[in-house]
Amino acid sequence: MEHRPLGGTGTAVSKLCLGAMTFGNESDERTSHALLDRFVERGGNFVDTADVYSQGVSEEIIGSWLAGRPALRDQVVIATKGRFPMGDGPGDMGLSRTHLSRALDASLRRLGVETVDLYQAHAWDPITPLEETLRFFDDAVRAGKIRYAGVSNFVGWQLQKAAMLTDFRGLNPIVTLQPQYNLLVRDIEFELVDVCLGENIGILPWSPLAGGWLTGKYRRDLTPTGSSRLGENPERGMEAYGPRNAQERTWRIIDAVRQVAEGRGVSMSQVALAWVAGRPAVASVILGARKLEQLDDNLAAGELRLSEDETAVLDQVSAPEVDDYPYGVLGVDQRSRRL
């Protein structure tokens, strides 16, 4: 599998990253270990989790996997995140030094490691001063608890401010951004991609298959049922079905992905993953497989290279729909020549 620099660092990560949000929830420990084993066998070396995934169980599963394979610790790059509640106290959430110091120590214990390779702010905190968070990251790097710092779910001005503060204060930089990015959701191209390119920040897209929409398993006006994630839990995901089902853009994109997939003799998932892996500043694409069959299919995208014509078709049909100002003639039309 191809390996790429983790943002502006010298650390190489696989083009595809195994996301562990399902560990301890949709995937039990045995299945999760099998997914990790298969991922490494196929050349993957980058695993992403978070303390809130299954309330710490995801990290524990990764920790038990590493404990049984000590030789892999120096080969696998482990990323985790902190921000969301892990308790009921006022200091049990957010990006304050108080919470992050506790959260990081707890993640290290669950993972069974002395250092986590990439520690990320899971989302923006409107209460904690950004400089407090960035100084905590810098201190954690200097203490040897983390190697690099990243952020997730930031908007353009937040990421740019973080990059400028670390530079101005001489702190360790933010090296990655983890946003939602796929053929159906391309809004990060308005500002975030430009920030990442300008500041040498690597993009780690989550939900590259748009919650399963880009796999081809959903049908127009047919409410999902059965084993699909949208159908299993109406409280988690079904709110997205109605709006996306009603948008013609959704079905134009799905039809285009299907046509490219049929023309290449590959799955729609592989086409969608190959497209996002080829976008500017993308360092690694986070996979969300629940079983080995899904992972095997997704990993095949690591060898797929879309042609210029195929990419152009997908780019055009999935172009974000925006109002004229400020992202119309003054913004998107000019940037599209480069992106």
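Which residues does Arg 97 touch, not counting residues up to four places away in sequence? They are Glu 132, Arg 135, Phe 136 and Asp 139, where a touch, or contact, means heavy atoms within 4.5 Å.

## About the model

Welcome! This is a predicted model, in which local features need pLDDT of at least 70 and side-chain atom pairs count only at pLDDT 80 or more, while totals for chains, interfaces and linings use all residues. Residues are numbered from 1 along each chain as its sequence is written, and side-chain values use heavy atoms, with hydrogens and water left out.

Arg 97 belongs to helix 3 (residues 97–111). Helices (H or I, at least four residues) and strands (E, at least two) are DSSP runs, numbered from the N terminus. With a relative accessibility of 34%, Arg 97 counts as partly exposed; that label lies between buried (under 20% relative accessible area) and exposed (over 50%), using a 1.4 Å probe and protein chains only.

The side chains of Arg 97 and Asp 139 are joined by a polar contact of 2.9 Å. Such a contact is a pair of N or O atoms within 3.5 Å; within protein, one must be able to donate a hydrogen and the other to accept it, and residues adjacent in sequence count only if both atoms are side-chain atoms.

Eight of them form an open sheet in the order 9-8-7-6-5-4-3-10, with parallel pairing; two strands pair if DSSP finds at least two bridges between them. Strand 9 (202–203) and strand 10 (285–287) are at the edges, each with a single partner strand, so one side of each has no neighbour in the sheet.

Strand 8 (residues 174–178) pairs with strand 9 in the parallel sense over two bridges. Leu 177 has Ile 203, in strand 9, as its bridge partner.

## Aromatic pairs

The structure holds seven aromatic pairs. Rings of Phe, Tyr and Trp (its six-membered ring) pair if their centres lie within 6.5 Å; planes under 30 degrees apart count as stacked, over 60 as edge-to-face and the rest as tilted. Trp 124 and Trp 157 make an edge-to-face pair, at 5.2 Å centre to centre and 70° between the planes. Trp 124 sits in the loop between strand 6 (116–121) and helix 4 (130–142), and Trp 157 in helix 5 (residues 156–169), so this pair ties together parts 33 residues apart in sequence.

Phe 136 and Phe 137 form a tilted pair, because their ring centres are 6.2 Å apart and their planes are at 55°.
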